[in-house]
Amino acid sequence: MKIYTRTGDAGQTSLIGGRRVSKADLRIDTYGTVDELNSWVGMLRDQPVNANRRILLKEIQDRLFTAGAELATDPDKAPRQAMPAIIENDIIRLENAMDEMDEALPELRKFVLPGGHQSVSFAHLARTVCRRAERLAINLHDHSPVDLLVIKYLNRLSDYLFVLSRKMAQELDAEEVSWEPRL
C-alpha cells in the first residue's frame, strides 16, 4: 500500500465519515495539534529520566490517538465502526499520577520558568502544545460538538505535564528557576 494518495493535493482531506474539508479547517488544525502533542509525549517517553513512566506515557499517547480519532470524525455522520473514546477513568489516571508525583515535590509558591535541563524543556514544550490543543478543541466545540471528555482530558494532561516537568527537574537535580517579576 502506498502512503500517498494524491487526494489532498488541492488542499482538501477527508474526515472519518467521508466528508471532504479544507486542510485549514479548524477541525483539522485541532486534531493536527493533538498529533503534534503526541509526538512531544513520545519525546518525553524516550527520555531516560522517564524510564519508570514509559507505560503511562505510552497510555497517554494511545489516549491522544483516541482523542484525535474523535476530533477527526464528521460530527454529522455516524462512523461505520465502533470508535474508541476517552473515559472518566483516563482523567482519574492522570490525577492519581499527579498526586503521586506531587507528594515528593516542594510546595509551589511562584511561577516556574521553563528549562533547567533539556528533558525538562521537552516536558514544558509538550505542556504548551497541550494547552494549544485544548484551546483549539474548545474553539471547535463552540462551532461543532466535541466530546467534553476530550476537552477535560487535554486540560488534565496539561496539568500532568507541568507536574511531570517539576518531577523530572527534581530527579535530574536540575535547577527549578522561579519567575521573579521586575518591579
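This is a predicted model: local features need pLDDT of at least 70, side-chain atom pairs count only at pLDDT 80 or more; totals for chains, interfaces and linings use all residues.
Visitor: Which elements make up the chain, and in what order do they run?
Guide: The chain has 5 helices and 2 strands, and from the N terminus on the order is β-β-α-α-α-α-α. Its C-alpha atoms fill a box of roughly 50 × 35 × 35 Å along the principal axes.

Visitor: Why are α2 and α3 called roughly antiparallel?
Guide: Helix α2 (residues 54-71) and helix α3 (residues 88-102) pack at an angle of about 150°. Angles over 145 degrees count as roughly antiparallel, and the pair is therefore described in that way. The two axes lie 12 Å apart, and the crossing is left-handed.

Visitor: What makes the contact between α2 and α3?
Guide: From α2, the residues L56, E59, I60 and R63 meet D90, R93, L94 and A97 of α3. These divide into 4 nonpolar, no polar and 4 charged residues.

Visitor: How do you know that the span of α5 agrees with its number of residues?
Guide: Helix α5 covers residues 148-171, which is 24 residues. The expected span is 1.5 Å times one less than that number, so the helix should span 34 Å. The C-alpha atoms at its ends are 34 Å apart, and the two values therefore agree.

Technical notes. Residues are numbered from 1 along each chain as its sequence is written. Side-chain values use heavy atoms; hydrogens and water are left out. Helices (H or I, at least four residues) and strands (E, at least two) are DSSP runs, numbered from the N terminus. Axes are lines fitted to C-alpha atoms, for helices over the stretch in contact, and angles run from 0 to 180 degrees between N-to-C directions. Angles under 35 degrees count as roughly parallel, over 145 as roughly antiparallel, 65 to 115 as roughly perpendicular and the rest as oblique. A crossing is left-handed if the near helix is turned anticlockwise from the far one by less than a right angle, and right-handed if clockwise. Contact means heavy atoms within 4.5 Å. Ala, Val, Leu, Ile, Met, Phe, Trp, Tyr, Cys and Pro count as nonpolar, Asp, Glu, Lys and Arg as charged, and the others, Gly among them, as polar.
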